[in-house]
Amino acid sequence: GITLAHNCRSEAEVDAVIAFAVTCGATLKKPPQKVFWGGYSGYFADPDGHLWEVAFNPFWPLAVDGRIELP
């Protein structure tokens, strides 16, 4: 199996994306929380059972189009 990932610009955006997914039928697997590497993330399973990570990584800024900009 694999985990799909969605990167966000803030912790609040992570919360909003996961809340929206749950209202659309996803199953919350791990509530968003601060993680050991300095970011913030949570997990949900979509209605087909695919696991998604939604994360904010303060060390990977996102471009306007959503691409990760590595230093």
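In the predicted model, V14, I18 and A21 of helix 1 are buried. These three residues cover an arc of only 60° around the axis, which puts them on the same side of helix 1. An α-helix has 3.6 residues a turn, so residues three or four places apart point the same way.

Helix 1 is made up of 13 residues. From its first C-alpha to its last it reaches 19 Å, which is close to the 18 Å expected at 1.5 Å a residue. After helix 1 comes G25, and the phi of this glycine is positive, near 110°.

With strand 1 (residues 3-8), strand 4 (residues 51-56) pairs in the parallel sense, and 6 bridges join the two. With strand 3 (residues 40-45), the pairing of strand 4 is antiparallel, over 6 bridges. W52 takes part in both pairings: in strand 4, W52 is the bridge partner of L4, and W52 is also the bridge partner of F44. Strand 3 and strand 4 form a hairpin, with 5 residues between them. The turn of this hairpin contains G49, which has a positive phi of about 90°. As for the side chains, in a regular strand they alternate between the two faces of the sheet.

The count of salt bridges comes to 2. In one, K34 is joined to E11, and the closest N and O atoms are 2.7 Å apart. K34 lies in strand 2 (residues 27-34) and E11 in helix 1 (residues 11-23), so this pair ties together parts that are 23 residues apart in sequence. K34 counts as exposed because its relative accessibility is 60%, and the cut-off for exposed is over 50%. E11 has a relative accessible area of 27% and is partly exposed.

In the other salt bridge, the side chains of R67 and D65 meet, with an N to O distance of 2.8 Å. R67 is exposed, at 52% relative accessibility. D65 is likewise exposed, with a relative accessible area of 55%.

Terms used: Residues are numbered from 1 along each chain as its sequence is written. This is a predicted model: local features need pLDDT of at least 70, side-chain atom pairs count only at pLDDT 80 or more; totals for chains, interfaces and linings use all residues. Side-chain values use heavy atoms; hydrogens and water are left out. Two strands pair if DSSP finds at least two bridges between them. Helices (H or I, at least four residues) and strands (E, at least two) are DSSP runs, numbered from the N terminus. A salt bridge is a side-chain nitrogen of Lys or Arg within 4 Å of a carboxyl oxygen of Asp or Glu. Buried means under 20% relative accessible area, exposed over 50%, partly exposed in between (1.4 Å probe, protein chains only). The expected span of a helix is 1.5 Å times one less than its number of residues. The arc is that of the directions from the helix axis to the C-beta atoms.
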